[in-house]
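Thank you for making time this morning. I would like to walk through a few local features, one after another, so please have the sequence and the structure open as I speak.

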Amino acid sequence: MNVPRLVIAAPSSGSGKTTVATGLMAAFSERGLAVSPHKAGPDYIDPGYHALATGRPGRNLDAFMCGPELVAPLFAHGAAGCDLAVVEGVMGLYDGAAGRGELASTAQVAKLLRAPVVLVVDASSQSRSVAALVHGFASFDPQVRLGGVILNKVGSDRHEVMLREALEEAGMPVLGVLRRAPQVAAPSRHLGLVPVAERRADALAAVAALADQVRAGCDLDALMALARTAPALDCEPWSAVTALARSRGAAPDPGRRPVVAVAGGAAFTFSYAEHAELLTAAGADVVAFDPLRDEALPEGTSGLVIGGGFPEVYAPELSANEPLRGAVAAFAARGGPVAAECAGLLYLARSLDGKPMCGVLDADARMSERLTLGYREAVAVSDSALAAAGTRLRGHEFHRTVVEPGSGTEPAWGFTHPERRVEGFVRQGVHASYLHTHWAAEPSVALRFAGAAAARP
C-alpha cells in the first residue's frame with residue numbers, strides 16, 4: 001500500500017496540532033483530494049473535527065490499546081483509496097504510555113507508518129532558540145524523519161524573519177507560518193474540545209476558518225511533496241471480516257441479524273468506527289439512536305451499546321426523557337445484552353448529579369474535581385455478554401466523574417496495571433465500566449456480544 005502521508009506532531013500539547021492537522025485536512029479536501037484522517041492515541045473528540053474536515057470517519061491509531069502490530073493495518077484500512085492521509089499526533093512527539101518508553105507515542109506511530117513528521121512549534125515566546133528546539137527533536141531518534149516545521153502563533157513579520165533565519169541555519173525547512181488567530185479556536189471544557197455533535201454549525205465554520213488559515217500560511221504543494229516521500233507499507237489492510245475469522249469467539253447464527261442499538265447524539269459522541277464494523281461483520285444490524293431525543297429504543301433491539309460522551313452536561317435532558325429511561329431499564333431487566341463504557345455507565349446508574357437516570361445499576365454518579373486519566377491493563381473478572389472471564393484487554397480511562405460504589409458484587413474488570421483494583425458492574429446481560437476499549441484488539445468481544453444479541457427471543 002502506498003498512500004502519501006504526513007504525521008503532524010509537536011514538542012508538547014497546546015502547540016497547535018489540532019489546528020494544523022484539521023486545517024490541512026480541510027484545505028487538501030477542498031482541492032478535491034480524498035483525505036484520510038487519523039489520530040494517534042485514544043482521543044475521541046479530535047476525530048470528530050477531522051471527519052467534518054474530510055467527510056470520512058476519523059480513525060484512531062493507538063499502539064497501546066491495539067498493539068503496535070495493528071497500527072499499520074488499521075491505517076491501511078482507513079486510508080484505502082485515498083490520495084493523502086494526515087495523522088494528528090498526541091501530546092509531545094516522544095510522549096507515550098507512562099513508564100513504557102516510546103509505546104503509544106506519536107514517534108512510534110510515525111515509525112510504524114514510515115511517515116515523515118511535520119513539527120508544529122508554538123513560536124510565541126522565542127526566536128533563535130527555535131533552532132535548538134527543533135534540532136533536539138530531529139536528532140533525538142534517528143529513525144523519526146522530521147521533514148519540516150510549521151511555526152504557529154507568530155507575532156509579526158519581523159518575528160517570522162528571525163524564526164526563518166534560525167531554522168535555515170539549522171537546515172530545517174519551514175513549511176508554514178501561522179499568525180495568532182483566536183477567532184478560529186474551538187471552545188473547550190473539562191475533558192478538552194467541545195465535540196462536533198454539540199456545535200455542528202459553529203464547528204463547520206471553525207473548520208472552514210482553519211482551512212483558510214492553513215491555506216494562506218502553509219505551502220500545501222511542499223507538504224504534499226513531503227507526503228509523497230513516504231515509502232510503501234508492507235502490510236495487509238485490517239478487515240473486520242478477517243479479524244473475526246481469526247478470533248477465538250464463535251459466530252452467531254447466520255440465519256438471524258440482531259439489531260444492536262448504539263447510542264449517539266450530543267450526549268454520546270465517543271465511539272471507534274471499527275466497533276460498528278465488527279458488529280456488522282459479526283452479523284448484527286447496527287442502528288443509531290439519540291437518548292436526548294428518542295423516546296423508544298429502535299424497533300427490534302436485541303443488543304444495546306452505550307459508549308462514551310458527556311452525559312454530565314446533559315443530565316437534566318437525559319433525565320427528562322423518562323420513556324427512554326424506562327425502555328432501557330426494561331430491556332436490561334429482561335436480560336438484554338448491554339455494553340456500556342464511561343458515559344454509558346453514568347446513564348445506567350441510579351442518578352447523575354442528583355438527576356434520575358436509568359436505575360439499572362445500584363450506584364450513583366456525580367461530577368468530581370479529580371481528573372482520572374490514563375492507560376489501563378485489565379482482565380475480565382466476571383462472565384458477561386461482552387467478555388468471558390479471563391479476557392485480557394488494554395484500555396483507557398478519561399473522566400471527571402465518580403460512581404459510588406465503584407464496582408458491583410460482580411465487577412467488570414480487574415486492573416493489573418498501573419494499579420490493582422476492580423471496577424465496573426456485570427449484572428444479568430449488562431457490562432458497565434469506565435474503561436474505554438478498542439475492539440479491534442480483541443474481536444472476540446464483538447462476536448460474543450453479537451451472539452448474545454442474536455440469542456434473544
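This is a predicted model: local features need pLDDT of at least 70, side-chain atom pairs count only at pLDDT 80 or more; totals for chains, interfaces and linings use all residues.

**Cysteines, a helix and a threonine**

Let me begin with Cys-342, whose sulfur has its closest cysteine sulfur in Cys-358 at a distance of 15 Å, which is too far for a bond. For anyone who would like the reminder, a disulfide is a covalent bond between the sulfur atoms of two cysteines. Cys-342 counts as buried, because its relative accessibility is 6%, and Cys-218, at 9% relative accessibility, counts as buried too.

Turning to helix α2, which covers residues 45-54, we find that eight of its ten residues are buried, and the helix is therefore largely enclosed by the rest of the structure. Those buried residues are Ile-45, Asp-46, Pro-47, Tyr-49, His-50, Leu-52, Ala-53 and Thr-54. After α2 comes Gly-55, and the phi of Gly-55 is positive, near 75 degrees.

My last stop is Thr-280, which belongs to helix α10, residues 273-281. Thr-280 has a relative accessibility of 38%, and so it counts as partly exposed. Which residues does Thr-280 contact, if we leave aside its neighbours within four places in sequence? Thr-280 is then in contact with Arg-257 and Val-286. As for Glu-295, which is 15 residues from Thr-280 along the chain, the C-alpha atoms of the two are separated by 25 Å.

Technical notes. Residues are numbered from 1 along each chain as its sequence is written. Side-chain values use heavy atoms; hydrogens and water are left out. Buried means under 20% relative accessible area, exposed over 50%, partly exposed in between (1.4 Å probe, protein chains only). Helices (H or I, at least four residues) and strands (E, at least two) are DSSP runs, numbered from the N terminus. Contact means heavy atoms within 4.5 Å. A disulfide is a pair of cysteine sulfur atoms within 2.5 Å.
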